[in-house]
Amino acid sequence: DSNSINTRIVLRILRYITDFIEYVENDIENFSNKYNIQLENLSEILTLYKTMLTYHNKKENVHTINFHMDDYVNKLSEYYIESRPLTGDNDLDYIKETIAQVNEFNEEKQLHAVHATNIVSHGVDIDRWNLMIFEGMPRSTAEYIQSLSRVGRKYYGIVFLTFDSRRTRDLSFFKHFDEYHDIIEYKVEPVPLARWAKLG
């Protein structure tokens, strides 16, 4: 099904990121010389992308990604991604704990990923996030903009957006990706005051 395709793509991206950071850090001096980046700067740059966010349209996808992290990513690398789900089912204490965990994260040979639904779109402000993966396009433009603004708040953000070629909506966004972003502010949908009003 389409969910499992996008889930596998997200897991592969996470695995690629882990492998790349491991590859650079294991040969950091040569990498520094090859690309003419000062060693201290390169180490600092890598640290900026060791905490990441994945965005999912359904709670079940959050838990599926979290469940498969060990088999598809962690068991295949020296480096380990500490994985944490975040959905509307979590209470305020759990959300605060997650924010603190990301902000205080500082481990060698370890990365951190929060897998979240649209709960992350409002009120979860973390400057440490500079890398994000969308499992499919969010349901609305407003949600997409809000979610997108979770990363790259202080440094350059890197965002991956996955599409399923069997879904018409995904194909349309893929085909018109540049045009959509050129006019994105005009595509924000009006918010209903009372969506389920009796006479609505």
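## Getting started

Contact means that heavy atoms lie within 4.5 Å of each other. This is a predicted model, where local features need pLDDT of at least 70 and side-chain atom pairs count only at pLDDT 80 or more, while totals for chains, interfaces and linings use all residues. Residues are numbered from 1 along each chain as its sequence is written, and side-chain values use heavy atoms, leaving out hydrogens and water.

## Around Ile-133

So who does Ile-133 touch? Skipping neighbours within four places in sequence, Ile-133 is in contact with Val-10, Ile-13, Leu-14, Ile-17, Leu-53, Thr-54, Tyr-55, Phe-160 and Thr-162.

## The cores

A nonpolar core is a set of buried Ala, Val, Leu, Ile, Met, Phe, Trp, Tyr and Cys residues joined through side-chain atoms within 4.5 Å. Buried means under 20% relative accessible area, exposed over 50%, and partly exposed in between (1.4 Å probe, protein chains only).

The largest nonpolar core has 23 residues, and Ile-133 is among those touching the most other members, along with Leu-14, Ile-17, Met-52, Met-69, Ile-81 and Leu-111. Helix H1 (2-26) is one of the elements supplying at least two residues; with seven, H1 gives the largest share. A separate core of 21 residues includes Leu-53, Val-114, Phe-134 and Val-151.

## Strand S1

Helices (H or I, at least four residues) and strands (E, at least two) are DSSP runs, numbered from the N terminus. Six of the six residues of S1 (residues 51-56) are buried, so this strand is largely enclosed by the rest of the structure. Thr-51, Leu-53 and Tyr-55 point one way, while Met-52, Thr-54 and His-56 point the other.

Strands pair if DSSP finds at least two bridges between them. S1 runs parallel to S3, with five bridges, and Thr-54 sits opposite His-115 there. Five bridges also join S1 to S4, again parallel, with Met-132 as the bridge partner of Leu-53.
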